[in-house]
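Please read the following report beside the sequence and the model.

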Amino acid sequence: MTTRSPGTAPATVVSDPPLAMPPSVATPPYINPEEPYFSAEEYARRVAVVREEMGRRGMAALLLVSPENIYYLTGLNHQGYFAFTMLVLPLDGRPLLVARAMEGTTITAQVPQCTHVAFADDEDPAGPSAVAIRSVAPNGATVGVEQSSMCFPLTVWESLRGRLGGLLLSDGSGIVETVRQVKSPAEIVHVRRAAVASSRAIEAGLGTVATGVSEREVAAAVYREMMLAGSEYPGFAPLIRSRDILLHEHATWRARTIGPDDAVFMELSASVAHYHAPLTRMAYLGEAPWGTERAAEIAAEGLEAVRQALRPGVLNGDVYAAWQAVVDRGLGHSDYRRHHCGYAVGIGFPPSWVGGAGVAGLRRGGTTRIRAGMVFHVLSWILGQEPADYVISDTVLVTPEGGEILTSTRRDPIVVPVQPSPDEENTHD
């Protein structure tokens with residue numbers, strides 16, 4: 001049994017023999033459940049910034065349906081977003097929240113600044129939605145619509161659009177997302193807490209990897225430590241898979257048992273106040289393949305190049321170019337390309353931690369200006385290349401001085417010793 005000194009974080013290593021991991025990065029980031037995540041002044045500031053952009057576009061109202069945007073502007077924190085929910089944000093006055101009638105108690109308690117426009121489960125939500133919109137937007141007014149969201153069912157949209165004759169409907173996608181890109185000091189506090197919980201969770205998973213252990217057991221260890229470290233349910237399930245399906249993007253754990261010459265990939269993020277801080281690591285059973293040390297050096301150098309390049313005023317395309325230059329030099333050729341070397345993260349509700357349907361990536365040729373307060377999941381992955389595959393990723397905060405890596409788990413090759421079988425031990429007697 002593992003013992004610990006008073007005041008230290010609980011051990012998370014459960015493999016036999018245990019995998020030597022560094023001490024946990026910090027004590028669990030517990031949050032006082034009696035305190036709100038953000039102040040009323042913080043929400044008012046966010047709404048004011050969005051309304052400024054609405055005014056510039058001549059919008060009388062903005063219709064928002066993605067959980068991340070509604071949560072960002074109001075604080076509505078529940079799992080009821082699976083049903084149609086729409087925030088009607090007028091240019092002036094009290095916001096209206098269209099949602100199921102049964103959510104009334106939650107809405108009243110959590111977002112008293114909004115008027116709940118309720119609909120019954122057997123009712124077309126387009127009817128109450130149209131009434132709410134027309135109450136703040138007279139005929140001839142321009143109404144912005146979040147058209148890019150996955151959360152606007154076509155049946156509701158078609159029915160609603162037919163009830164809004166006389167209004168000019170304009171695409172309002174991206175207005176709130178643009179504001180959300182730069183995190184306030186209060187938001188950064190939660191991102192830092194998520195980074196601590198993410199690091200502790202992946203260390204628990206790495207410490208569980210062993211011959212004869214199933215991928216499912218690794219996932220269980222990850223979830224247990226993640227929750228104990230202060231996380232809520234994440235926007236995306238941890239991605240845990242063995243080497244045989246390493247290239248199966250977004251596939252996760254099975255009942256499969258880990259073998260003596262295996263490798264286990266893990267990409268995950270905790271969620272604190274619905275803010276995420278992902279990271280990726282891989283553990284090798286027995287020994288790492290030939291060339292892994294060199295591949296790890298290239299990947300680490302690429303991550304460092306991105307960290308240094310993430311400075312206010314730099315274009316996202318130039319950040320990608322800094323990563324690509326390191327990889328080209330390390331591999332000795334310029335044939336290896338990826339769709340990005342990272343992407344923006346923050347608020348996330350299932351099924352994603354990227355905060356909506358789009359991915360704001362660090363891409364080749366990108367023209368988005370980097371600003372202090374942005375947060376990126378930076379991926380330095382080398383796959384299908386000589387000398388070997390290697391993956392690392394971390395969450396990086398853009399500060400006025402440059403990038404700050406928030407997740408902290410070791411980045412060198414992690415090798416799990418393989419315990420000899422009883423038959424092998426007997427041969428040495």
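## A pair of helices

The axes of helix α9 (residues 292-309) and helix α10 (residues 316-331) come within 8 Å and cross at roughly 160°, and the two helices are therefore roughly antiparallel to each other (an angle over 145 degrees). Helices here are DSSP runs of H or I with at least four residues, and strands are runs of E with at least two, numbered from the N terminus; axes are lines fitted to C-alpha atoms, for helices over the stretch in contact, with angles from 0 to 180 degrees between N-to-C directions.

This is a predicted model, in which local features need pLDDT of at least 70 and side-chain atom pairs count only at pLDDT 80 or more, while totals for chains, interfaces and linings use all residues. Residues are numbered from 1 along each chain as its sequence is written, and side-chain values use heavy atoms, leaving out hydrogens and water.

## The largest pocket

The largest pocket has a volume of about 730 Å³, and of the 42 residues that line this pocket, the closest to its centre are Arg180, Val354, Gly355, Gly356 and Ala357. A pocket is an open set of points on a 1 Å grid over the protein atoms alone, where a 1.4 Å probe fits, with protein on both sides within 12 Å along at least five of seven lines; lining residues have an atom within 4 Å of a point. The volume is the space filled by probe spheres set on the points, which are joined across faces, edges and corners.

## Backbone details

Pro350 and Pro351 are joined by a cis peptide bond with omega of about 15°, and Pro351 is found in the loop between β12 (342-344) and β13 (375-382).

Terms used: Parallel < 35°, antiparallel > 145°, perpendicular 65-115°, else oblique.
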